[in-house]
Amino acid sequence: MLGHRKQDTLIAWLFVAPWAIGFLIFGLYPIIMSLYYSLCQYDVLRVPRFIGLQNYSQLLFEDPYFWKSLWNTLYYVVFRTPLSIFGSLLLASMLNQQLKGMPIFRTIFFIPSIISGVVLSVIWLWMFNPEYGLINSGLAFFGLPGPLWLQSASWSKPALVLMSLWTVGGGRMLVFLAALQGIPRHLYEAVELEGGGWWTKFRHVTVPLISPILFLWTVMEVIFSMQVFVEAYIMTNGGPANSTLFFNLHLYNKSFNDFQMGYASAMAWLLLVITLVVTWFQFRLSRRMVYYEGGK
Amino acid sequence: MMTLPSAPKMLRMAKRTLSYLFVSSSALLFLIPFLWMVSSSLQTEQEIATTDMRWIPETFHWENYLNVFEAMPLWTYFQNSIFVTGLFILGTLLSASLVAYAFSVLQWPGRDKVFILVLATMMLPMQVTMIPVFVLYKNIGWLNTFKPLIVPAFFGGGAFNIFLLRQFFLTIPRELFDSARIDGCNEFQIYWRIVLPLAKPALATVGIMTFLFTWNDFLGPLIYLSDKLKSTMALGIVMFVGQHKTEWALLMVASVIMMLPVILLFLFFQRYFIRGFMMSGIKG
Amino acid sequence: MRIWITRAAYFLGASIFLGLIFWGSPEEVVYEDGKIHFDYWYNVGQEDVIPWPVIAFNESQDRIVVHPVAIPWQESEKKILTAVISGDPPSLVSQFVPLVKWASRMALRPLDDFIEKDSFDTEIFYPALMDEMIYMDRVFGLPQATAAYALFYNKDLFREAGLDPEQPPRTWDELIQASRAIDSIDVTGRIQRMGYLPDWDNLMPSIMQTSLLMAWEKGATLLSEDGREAQLDDERLEQSLQWVVDYYDAYDINRVRAFRGTFGYDTQHCFISEKVGMFIGSNFIIDNLKRYRPDMDYGVTTIPVHELGGPTASPAGVFWYAIPRNASHPEAAWEFMAFSTQAEIQLEAMQHTKENLFPSNRIAARDDYFQKDPSMQIFARQMDFAHSPAVVPLAHEVFWRELNMNAVDLIIDKTKTVKEVLSSANAQVQRELSSALEYQDYVLQVMHFETKEQSP
């Protein structure tokens, strides 16, 4: 008969078993295999052939699309992240007042964030249609010429960023709202007493006090933005002129269109490295910019 | 003689009205794409092809909502989506709760370290595992079946859900467990008879979030399914876009139909949605 | 009592939930009529109809039923290859991509045993098309249809330019002369009309419009016999590209670019809108002319040659049938393939479709149906001199990207010389080719094939 402690541990592992087995099969094993594939030439129809670091060197030094896709992704992340975070914050502060009909407003702002990326893409593909879409029709109403949006190499990424703003009212906003509601009133009143206005309140009370949450969500938003794929795949398929060829789309094309699995695996590993570096960088920045109550 | 409200009061009222206006107009702005979508779904292709913004269609072409089922096997897609989503939710609820139980109610050496590992897996971009998992499914003959979309749910249900349920389980008073153990219950009985019933709200939240994820997911179906009739709704619409990019009215109809269950679910179960999203902000 | 209501509610809820799941569970289609059923995946053409050969075949016998499944162009390669990977592919597919690429990936089943068993005569196909079906000395597919090319010329514009509409140019030199006569540039220097654009395929650059054809006429193949060495820097291609560069010396290249920017689809096609007087196009153009400009007086003639009596050349892409590896019903699929490539069936198919495809079967092309129409005669004759556009099949995309997309504009811009462009394109293509060959050699070595069916 096993000792009590050992029995407890055994039972605990039985409960953990689903996750543990899943981790081995869908986590650890794939990570190792993925590293192996990245050192091979492999099209799944045939066996892998070991080629060492050739994929990586080709990726970094000979693939113009790789750098273009990185650039496109960077562009998207850099523009989308601050706009979304700020948008959510703005929305949260607007809703942070005791107004009648809050639940309705909250619902209206929230729903776009739970719709499928597929539906979002279809709706906005139609909205951005240069001839009959709402956006250009609206602009025409005011006598303004509308750009070609998704059919123009210079307007395609801005269009995608614009589209992502529709979902700022989602979970992130709710979290910000809760955080805003947690700020003690007396701090605002103290600023008012000293004659400060809206901006001072915002800059010296609001932002510092919610900076941990802001920071956390910025990190998550950056990582999330780096994953951009659905919109590009459905709406533009990387075009026009590769202006919306994002990293994940390039990866997808290489793996499931060209069946160059080895090459794509190398790309995936580079993505992992880039994600870690970016996140680490953000954490370094946080030391300077985030205010934690009680220090950290 | 009527007294006017005092100056500060008037200022506050003015501020409130301004705020109200601001919020209302923003809300209207946010509603516009929806309205445009529904309006377009009720027009014909010819009517749509005009540059003036016609909000209320001249004639309501309700038949579009029937025609779409001829343009693509939408009903089959719907059934497939229900099938995959339903089983996925089942698997997630079962396995995530089992695993969360181990990390909250049970005490065992190394528990917290392993939990950190669980959390760490959330940071892994799926691209890294995507290809080997695809090859794995190929080797066991699961490609072009629904199994890759369902089976993983039974293996832990995702680190996020484990985290969520664990948080909830931690709030259950220890005395309940202690007295149950004294009464001779084994851990599984405690899990099944005490914890699960108590955790209904948390389970509902996980269920709703999982529904959202699976119903909307299209990458999984894109990679694993090749038979046209085996698609889910998300994939079906994507394929339709590729082929009939210019049939806007029907595309809008299909989008409305796909969106409807999600919106209905939200309207009825708002609480769980919101709780689920809030919890994702608390972690870390 | 309450407990039982609650329990009943849960039971009901669970039943509904599970019920929904079972209602949604997919059914496997099973046929119990003793016949062989298999799926045939093909790309939808311009009209969404069931291909005639399928109808004819299903009606002609009652042992086999072919189920045609149309899949969209976009990602059809991915879909089919994924189906092959999944181990349960359709038994028959037809595609347009270079077949050798798929054959080298071991995605297809070789057909030699069927050919031998039935004594099937592959000579009925145009050689250029049949050659594309062969990889490592094995046949992997049968040509189904093709697009034939010829020189279209606008007789009205010829008359306007003082040229004899019944005497279209026969050599490239004659072409230049005719072209210059048709050119129309207004006083501001803006081009209104050009006789010929040697590097342009309506909306994008193309070496198939002239340079590649010229090189083929001189006998260049751009690939070594054994298929292992790319020879893009062949002198003959160099000369042909230089011809194009010299051709543009007479114009202001920016004006030409602006002119080309006015082209579009359908009615805006450069030849159909009469902006260009002569155009090397496929029999698809005839279709569009009938639809948009039935009044145009145009002629079709053989693609020019270098010297009178010399060989002409034209590209001929091929739509092919093939049986994926691990298909469940290869014999039935083969029976269909053999059936639908017969001359009569191909002729009937042409008559039942609005598409202007050209039969792959030479015997069909000699039929009166084609021969009575003079332009069809030209196409048929041109097919005897056809070459496959899959010049380097194992590096196909790189080849077209480097030569079509990148090379031509550079040369005309005079940013690079012809030699430089060809040499760099060759290096890129060779690298891709070598990589593909190394993989192929490695796989063959590792997998030790024994029987003919097993090997690629």
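A crossing of two helices is called left-handed if the near helix is turned anticlockwise from the far one by less than a right angle, and right-handed if it is turned clockwise. Keep that in mind, and keep in mind too that you are looking at a predicted model.

Now find the place where chain A meets chain B through two helices. Helix α4 of chain A, residues 102–110, packs against helix α1 of chain B, residues 7–41. Two packed helices are described by the angle between their axes and the distance between the axes. Here the angle is about 35° and the axes are 9 Å apart. Going by the rule above, α4(A) and α1(B) make a left-handed crossing. Which residues do the touching? From α4(A) come F105(A), I108(A) and F109(A), and they meet V23(B), A27(B), F30(B) and L31(B) of α1(B). Sort the residues of this contact by class and you get seven nonpolar, no polar and no charged.

Next, stay inside chain B and look for helix α11, residues 200–216, and helix α14, residues 248–268. Their axes come within 11 Å and cross at roughly 170°. Angles over 145 degrees count as roughly antiparallel, so that is how α11(B) and α14(B) lie to each other. This crossing, of α11(B) past α14(B), is left-handed. On the α11(B) side the contact is made by I208(B), F211(B), L212(B) and W215(B), while α14(B) brings P261(B), V262(B) and L265(B). By class, the contact of α11(B) with α14(B) holds seven nonpolar residues, no polar ones and no charged ones.

Time to move to chain C. Its C-alpha trace spans about 100 × 60 × 50 Å along the principal axes, and its secondary structure comes to 19 helices and 15 strands. Of its 456 residues, 43% count as buried. Take the contacts in chain C between residues at least 6 apart in sequence: 74% of them join residues at least 24 apart.

Finally, how many residues of chain C are in contact with chain A? Twelve, and they touch ten residues of chain A. On the chain C side, α3 (76–86) and α19 (418–447) each supply at least two residues. That side divides into nine nonpolar, no polar and three charged residues.

Definitions and conventions: Residues numbered from 1 in each chain as written. Chains lettered and ligands numbered in written order. Predicted model: local features only at pLDDT ≥ 70, side-chain atom pairs only at ≥ 80, totals over all residues. Axes fitted to C-alpha atoms, helices over the stretch in contact; angles between N-to-C directions. Helix = DSSP H or I, 4+ residues; strand = E, 2+ residues; numbered from the N terminus. Parallel < 35°, antiparallel > 145°, perpendicular 65-115°, else oblique. Contact = placed C-beta atoms within 7 Å. Nonpolar A, V, L, I, M, F, W, Y, C, P; charged D, E, K, R; others polar. Buried ≥ 20, exposed ≤ 12 C-beta atoms within 10 Å, placed from the backbone.
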